[in-house]
Amino acid sequence: MSDKNESRQDNKKGGGRDRLIQAALILASTTRSLASLGLREIARVAGLNPNTFYRHFENFDDFALTMIHQLGAGLRASVRDCWRLPMRDIPQSKTKELAAIIERAQRVVSASLDLTLDHFAANRNAYITGIREIHGASPLLRKATQELVSNIAKDLANDLTLDLTLPMTDEKMIPDIAHAVIRQMTFIGFEYLEEPERREELKEQAERFILLLGWGALAMQQGNEGQI
């Protein structure tokens, strides 16, 4: 295929850059890690001449990092909405009674999980690829994906700080909870995508984990303050 003909196909089907990224996602999510893919293999699935790769990327590391950063930015913003919308739409308790506060927290957690897991399912290839690279063979990709997970946890911590009605005052507690939740959801999310027959079970497992983590942190703080 000539470069001229290929350029015309790029315009019809979408840019070569995006087609290469989508091809790599398909291969990495269904076969093996991103780092083990070959350039010719990616180009073949994308329907492009292998030489096209170097019109868009300097080398494979440049391609892989661009892919992680591009997809990560979109996923980070979208997944943040999965907990922000319930926080916004489910009204705060009008009383300061702990039972009412807990009831709202349970509703927010349940609604957030529904949205988050639906988002995982709608973006299966991207999540499977990213989760695999967290502990993959490439140090470069491990660092990039772990930074993405850390940034998502920071987003959650910031939003919890703004929304939280439980009497938690230890400034270290909320970031710790957020990081534990995101790490756990990363692995539950992988199982959720790989084992669709267990989805309801995994959703309940995630909900129990988050609630127990929150109540445990609250009990620990109140114990330290001599309230229990």
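## A histidine tucked inside

Let's start with H119, which sits in helix α6, running over residues 98–122 (helices are DSSP runs of H or I, at least four residues, numbered from the N terminus). This is a predicted model, where local features need pLDDT of at least 70, side-chain atom pairs count only at pLDDT 80 or more, and totals for chains, interfaces and linings use all residues. Residues are numbered from 1 along each chain as its sequence is written, and side-chain values use heavy atoms, leaving out hydrogens and water.

H119 has a relative accessible area of 15%, so it counts as buried (under 20%, with a 1.4 Å probe and protein chains only). Beyond its neighbours within four places in sequence, H119 is in contact with L75, S78, V79, C82 and Y127 (contact means heavy atoms within 4.5 Å).

## Where α8 meets α9

Helix α8 (residues 139–163) packs against helix α9 (residues 173–194) at about 130°, with the axes 8 Å apart. Here, axes are lines fitted to C-alpha atoms over the stretch in contact, and angles run from 0 to 180 degrees between N-to-C directions.

Who does the touching? On the α8 side, the residues include V149, I152 and L156, while α9 brings I174, P175 and V181, among others. The contact residues divide into 11 nonpolar, 4 polar and 1 charged (Ala, Val, Leu, Ile, Met, Phe, Trp, Tyr, Cys and Pro are nonpolar; Asp, Glu, Lys and Arg are charged; the others, Gly among them, are polar).

How values were computed
Helices (H or I, at least four residues) and strands (E, at least two) are DSSP runs, numbered from the N terminus. Buried means under 20% relative accessible area, exposed over 50%, partly exposed in between (1.4 Å probe, protein chains only).
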